[in-house]
Protein chains: 2
Amino acid sequence: MQTRYSERLDEFNSVLDNKGKVNEFLNKYPEVEIAEVLQEYDNKVILDCFEIMDPERQGEVFSEMDMTRKLDFFKQLSKKRFSSIFEYMYSDSRADFFQHLTQQEQAALLPFLNKQTAEDVLTLSAYPPDTAGGIMSTDFTVLNENLSCRYAIENMRSAGDSKDFIYYVYIVDENMILKGFLSLKKIIQSDPDTLLKDIYVDEFIFSYVDEDREEVAGKVEKYDLVALPVLNSHGQLLGVVYHDDVIEVIRKEHTEDMEKFMGIVPGDEILNYNQTSVGGHFKKRVVWLAALAVLGLISGIIIHSFEEALTVLIILAMYIPMVADTGGNAGSQAATVVIRALALKQLAVADWLKIVWKEARIAFLLALVLGVIAYGKVLWLSWNTALPPEHNLYFLAFGISLALSLQVITSTVVGACLPLIVKKFGGDPAVAASPAITTTVDITGLLIYFGIAMLLFF
Amino acid sequence: MQTRYSERLDEFNSVLDNKGKVNEFLNKYPEVEIAEVLQEYDNKVILDCFEIMDPERQGEVFSEMDMTRKLDFFKQLSKKRFSSIFEYMYSDSRADFFQHLTQQEQAALLPFLNKQTAEDVLTLSAYPPDTAGGIMSTDFTVLNENLSCRYAIENMRSAGDSKDFIYYVYIVDENMILKGFLSLKKIIQSDPDTLLKDIYVDEFIFSYVDEDREEVAGKVEKYDLVALPVLNSHGQLLGVVYHDDVIEVIRKEHTEDMEKFMGIVPGDEILNYNQTSVGGHFKKRVVWLAALAVLGLISGIIIHSFEEALTVLIILAMYIPMVADTGGNAGSQAATVVIRALALKQLAVADWLKIVWKEARIAFLLALVLGVIAYGKVLWLSWNTALPPEHNLYFLAFGISLALSLQVITSTVVGACLPLIVKKFGGDPAVAASPAITTTVDITGLLIYFGIAMLLFF
């Protein structure tokens, strides 16, 4: 049953000297848990354990280990011994691992692989990781439509523990062109003499091999699929994307979104925080920060051009941060909502007018509330501030909170529009997020603020 | 094959008058697509279409429709007719729909349901939506261990198109206590006379019914499961969470994270942007904005207590926004990275010292780059600014950029620590995100800024 990781580690520790019990341990838990425990030990222990597992399980457990641990283990093993583990890895993690080897290491390993494995690995590694080809697996079963259900069942029986025969059988013609699929259940429910061609389902959802992995994930999600066939432009079946790969894609995209959102340059894969060096973290963050600092020049120029006004009414300078912050927050909220709604396909760029109108009304309500708070804040904070005789605090507070309210409306609308504009021009809307919004609406905020100030106070 | 939504709509429109062709259309596409097309039409058309579908398909198509459309259709139909659709809905979406009815509507519907359906619905609706119970389905098959494989296969044959018999058969004792499971493949591969008790897998991953849905999703993801059994504290099998429900949970959690992240009060479910009223959007956003505005009082007080210094050196006032913005951006980045690493379980709260040390080093590099940019900015922007005779621009620029550098370091460390602190006290780290960070580091930024200014310039 379910034991905690630390308990399993203790259990393994306690049986380590007893080969029979180690064997029992290695067979009792799911592959991923065995991998978790083994990778705490040195390569010698891992290898000893592998020696008493059957080859399938070696490949499956190795598939589940951390990439760094995999690479380390690989380096210490003879290529010949390693090739037998490699053969039995899951095809998608095998290709992923292969891509992490240096060219020399790849070249050293290839001669020890059987022809089919070598071909499979080379083909799969050739697809970009953010496409259907990059996440698909080649572990699947194809049958010809002229075979019978009896044959299909026999085939399944003889497949044993093979990874290939899982949920569906794919029906292809002699050129590997996909014609349809059959669930195991349907095969079992049919008379054994029925030919597959009489029962297979010829309406199916598929992806093209170069389709974006997010599209692929969207299809699996929409149609509640366990497996999605991947075709090339001729309609030939190249691979299958399974539900678990899709969950991984969604997690990756989530991380990528968050990173873009906060002005961090996203990577191709989820990097482990601990395994990324200080320099690596620095590089992912400095680009946006520096770009925004340069963009901030515009705000600086605006502030400086009203230097004189600020010298006369120093109180104006003191509320610039308040207006800027509130605008940034309101704008980021609006951007978040629109980016999510775009991602969930609740909105399209073509709806922009409707979105702007809705956001403007929401912003109006927000502006009322925040304007009143700002009015109170100015009165309270500046109650004892010395003002030039021709100015009075109530009117100044009114002007400042009016500017803040207008800024809330402007930045909400800008925040909602920026992701739409980025998407319109083919970019990822998540880029138009928090830091970009903050810096953009700083500019509108300053213009509104000084505009109102010049109009009312000078 | 794959046609676009608009094409399917056109196709349906063109066959609408031909009952035979409508029937063909309704059987050709996946349920979710039929639901998408039908919900564009009025209830009369939907009902006409339902009349020519078999009951199973009616329930499945209805399950896939939008909640608002479902409720509308329900209101216009006799309860008796509706009950026959209701019986065949997927058990999890059925419970979800039932929860959306008013108490009166629920009471009006219940008498028309058969006893089993009524019980199922009432039980499932009782579980909180963010637990395993709230997302599980009761569509699954249980068998007793003393049955044979032959019996299991016969059972599957007679189940027809039923939703219950999908990937696994669960083995329970007479008290519904889960003992293990069997895949369809394993049953087929075994000799028909083998008893299930001799072949079932008794090591299995499960969730308790009150377990958080995020934990459930984590298990399905970690172990690459298609279905996860849900037990009560006695070990009795109550339901099964399927892979597609998990994808939905991950999407919801993603949206919730993003919302918390940007200071939006998250809801229990993903609300459609269009279906949420202006007032609803307003309510979700105003809470944080108003709270931050009030929190901003502290910044206001700090600025005011240095009013005299600002009056003498107006140039100081002009660079407050630059320092505040840069600090906010750097802090938000650090918070994002830490929140994601926590979510992906790459980091734990106990690692805080390691994290602070790493972030401090990253921040030092960022501070160098941004400090140099700031120095250049001040020189360029303020080149013509009139200064009191005892001050010189180079030294002022040095002080301002020094303050900015220290602020980058401080806010990066604060940004990394806030999520850890929130998590330590049992909160969701995503709350400690962008707006909260910005407002917090505004305070540290002002203290550093005026501290350096008083030290160097006065």
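# Two chains and the contacts between them

Reader: How many salt bridges are there between chain B and chain A?

Author: The count between chain B and chain A is 6 salt bridges, and this number, like the others below, belongs to a predicted model. Across the interface of the two chains there are also 32 residue pairs in polar contact, with both residues at pLDDT 80 or more.

Reader: What makes the pair Glu221(B) and Arg251(A) a salt bridge?

Author: The name requires a side-chain nitrogen of Lys or Arg within 4 Å of a carboxyl oxygen of Asp or Glu. In the pair of Glu221(B) and Arg251(A), the closest N and O atoms are 2.8 Å apart, so the pair meets the limit of 4 Å.

Reader: Which helix of chain B gives the most to the side that touches chain A?

Author: Helix H16 of chain B, residues 278-305, gives the most to that side, with 16 residues. The residues of the side of chain B that touches chain A divide into 62 nonpolar, 29 polar and 26 charged.

Reader: How do you know that chain B and chain A are related as by a two-fold rotation axis?

Author: Chain B can be laid on chain A by a turn of 180° and a shift of 0.0 Å along the axis, with an RMSD of 0.2 Å. The two copies are therefore related as by a two-fold rotation axis. The same surface serves both copies, for 100% of the contact residues of chain B recur in chain A.

Reader: What area do chain B and chain A bury between them, and how many residues are in contact?

Author: The two chains bury about 11200 Å² between them, and 65% of it lies on carbon and sulfur atoms. In this interface, 117 residues of chain B are in contact with 117 residues of chain A.

Reader: How do you know that Glu36(A) and Arg8(A) form a salt bridge, and which parts of the chain does the pair link?

Author: The side chains of Glu36(A) and Arg8(A) meet at 3.3 Å, N to O, and this distance is within the limit of 4 Å, so the pair is called a salt bridge. The pair links distant parts of the chain, with Glu36(A) in helix H3 (residues 31-38) and Arg8(A) in helix H1 (residues 5-15), 28 residues apart.

Reader: Why are S4 and S6 of chain B said to stand at the edges of their sheet?

Author: In chain B, 3 strands form an open sheet in the order S4-S5-S6, with mixed pairing. Strand S4 (207-208) and strand S6 (237-242) of chain B each have a single partner strand, so one side of each is left without a neighbour in the sheet.

Reader: What makes S5(B) and S6(B) a strand pair?

Author: Two strands pair if there are at least two bridges between them, and strand S5 of chain B, residues 227-231, pairs with S6(B) in the antiparallel sense over 5 bridges. Within this pair, Val230(B) stands opposite Gly239(B) in S6(B).

Reader: How many residues lie between S2(B) and S3(B) in their hairpin?

Author: There are 5 residues between S2(B) and S3(B), and Met176(B) in the turn has a positive phi of about 65°. Strand S2 (residues 168-172) and strand S3 (residues 178-183) of chain B run antiparallel and are joined by 5 bridges, and the bridge partner of Val172(B) in S3(B) is Leu178(B).

Notes:
Residues are numbered from 1 along each chain as its sequence is written. Chains are lettered from A and ligands numbered from 1 in the order in which they are written. This is a predicted model: local features need pLDDT of at least 70, side-chain atom pairs count only at pLDDT 80 or more; totals for chains, interfaces and linings use all residues. Side-chain values use heavy atoms; hydrogens and water are left out. Copies are superposed by least squares on the C-alpha atoms of residues with pLDDT of at least 70 in both. Contact means heavy atoms within 4.5 Å. Buried area is the accessible area (1.4 Å probe) that two parts lose on being put together, summed over both. A polar contact is a pair of N or O atoms within 3.5 Å; within protein, one must be able to donate a hydrogen and the other to accept it, and residues adjacent in sequence count only if both atoms are side-chain atoms. Helices (H or I, at least four residues) and strands (E, at least two) are DSSP runs, numbered from the N terminus. Ala, Val, Leu, Ile, Met, Phe, Trp, Tyr, Cys and Pro count as nonpolar, Asp, Glu, Lys and Arg as charged, and the others, Gly among them, as polar.
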